[in-house]
Amino acid sequence: MKEQILAVQRMQDYISAHLSERISLADLANAAMFSPWYARRLFLQWTGLSPADYIRRLRLSRSALRLRDEGGRIVDAAMDLGFGSVDGYQRAFFREFGCNPREYARHPVPLYLFTPYGAKFRNQERCEKEMKEVKTVFVQIVEKPERKVILKRGQRASDYWEYCQEVGCDVWGLLTSMKSITGEPVCLWLPEHCRLPHTSRYVQGVEVEPEYAGPIPEGFDEILLPKAQYLMFRGEPFAEEDYEQAIEEIWKAERKYDPTPMGYEWDDSNPRIQLEPRGERGYIELLPVRKREK
């Protein structure tokens, strides 16, 4: 089973590295190191999509982000992302998102973008692993401006896994389609005063300007957060499959950390923030603090 999962992951990695090029089943079979027939079967088994559907959805989502951020000609977005014709691209975009790419480029709206979860992470068993060596954790003060957060609440979730079970993993793709003041969505542990009755402490959302008056997806809420200071905890870069250990390193550092020598204390009136675990930058969390009264 592990060999199959790693073969699918190699195909996913190949697709990501060659997304703007022509990708054949033979190319994926070479990456998987299996026959084309068996490689396609494995891909469908472990991702739920055929290679062609996976590539199409990923290209459409990447093109949507390009149109949102850069605008430009539809023909350039279509050709640069590997579509054979503008007409075919426009039809595929409409089927995927329910809107025309030209209209979307003029007036971006929240879209459920495709999130390509890696097979070896999606099917990795959750278990405690002993840390092989002590890693460095970097800590610094950062300022957060006043902002709104457009968020999706769960019911009882207190972490990512419970949230995905309650709400689903597609929320992240929708949040990614919305332009954030920080460039990416966030996960938050909300303080009590930000929660509604019978809703979760853990949520996912996107930070926008306080004056944001754009569309809010159905079933989402908005909250206004004040200007605040945070201690940012950032770990070393890590191998993607070691994300659970990377998170645990940060949590251990947070539990031991005392902000009082810096003149701060923990602030439980603002949310704790989690950024998407990305191996190349290290795992990042932000814990709210405030100046101690003298």
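1. What radius of gyration does the chain have, and what would a compact globule with 294 residues have? A compact globule of that length would have a value near 19 Å, and the chain has 21 Å, which agrees; the radius is taken over C-alpha atoms, and the globule rule is 2.2 Å times the number of residues to the power 0.38. Along its principal axes the C-alpha trace spans about 70 × 50 × 35 Å.

2. This is a predicted model, in which local features need pLDDT of at least 70 and side-chain atom pairs count only at pLDDT 80 or more, while totals for chains, interfaces and linings use all residues. Residues are numbered from 1 along each chain as its sequence is written, and side-chain values use heavy atoms, with hydrogens and water left out.

3. The mean pLDDT (the predictor's confidence in each residue, from 0 to 100) is 91 for the chain, and 95% of residues reach 70 or more. Over residues 126-131 pLDDT stays under 50, and the model has eight contacts for them beyond four places in sequence; contact means heavy atoms within 4.5 Å. Where pLDDT is low, the predicted coordinates should not be read in detail.

4. The secondary structure comes to 11 helices and nine strands, taken as DSSP runs numbered from the N terminus (helices H or I, at least four residues; strands E, at least two). Among contacts between residues at least 6 apart in sequence, 73% join residues at least 24 apart. Buried residues make up 45% of the 294 residues, where buried means under 20% relative accessible area, exposed over 50% and partly exposed in between (1.4 Å probe, protein chains only).

5. Helix α1 covers residues 2-17; at 1.5 Å a residue, its 16 residues should span 22 Å, and its end C-alpha atoms are 23 Å apart, which agrees. The expected span is 1.5 Å times one less than the number of residues. Among the buried residues of α1 are Ile5, Val8, Met11 and Ile15.

6. Leu111 lies in the loop between α7 (101-106) and α8 (119-122). This residue is buried, with a relative accessible area of 4%. Beyond four places in sequence, the residues touched by Leu111 include Phe93, Phe97, Tyr104 and Leu174. Leu111 and Leu174 are 63 residues apart in sequence, but 5.1 Å apart in space, C-alpha to C-alpha.

7. Strand β3 (residues 186-189) is covered on both faces: Val186 and Leu188 on one side, and Cys187 and Trp189 on the other, are all buried. In the antiparallel sense, β3 pairs with β4 (residues 202-208) over four bridges and with β8 (residues 272-274) over three bridges; pairing requires that DSSP find at least two bridges. Cys187 stands opposite Gln204 in β4, and Trp189 stands opposite Arg272 in β8.

8. Is Gln204 buried or exposed? At 2% relative accessibility, Gln204 counts as buried. Its contacts beyond four places in sequence include Tyr160, Tyr163, Trp172, Val186 and Cys187.
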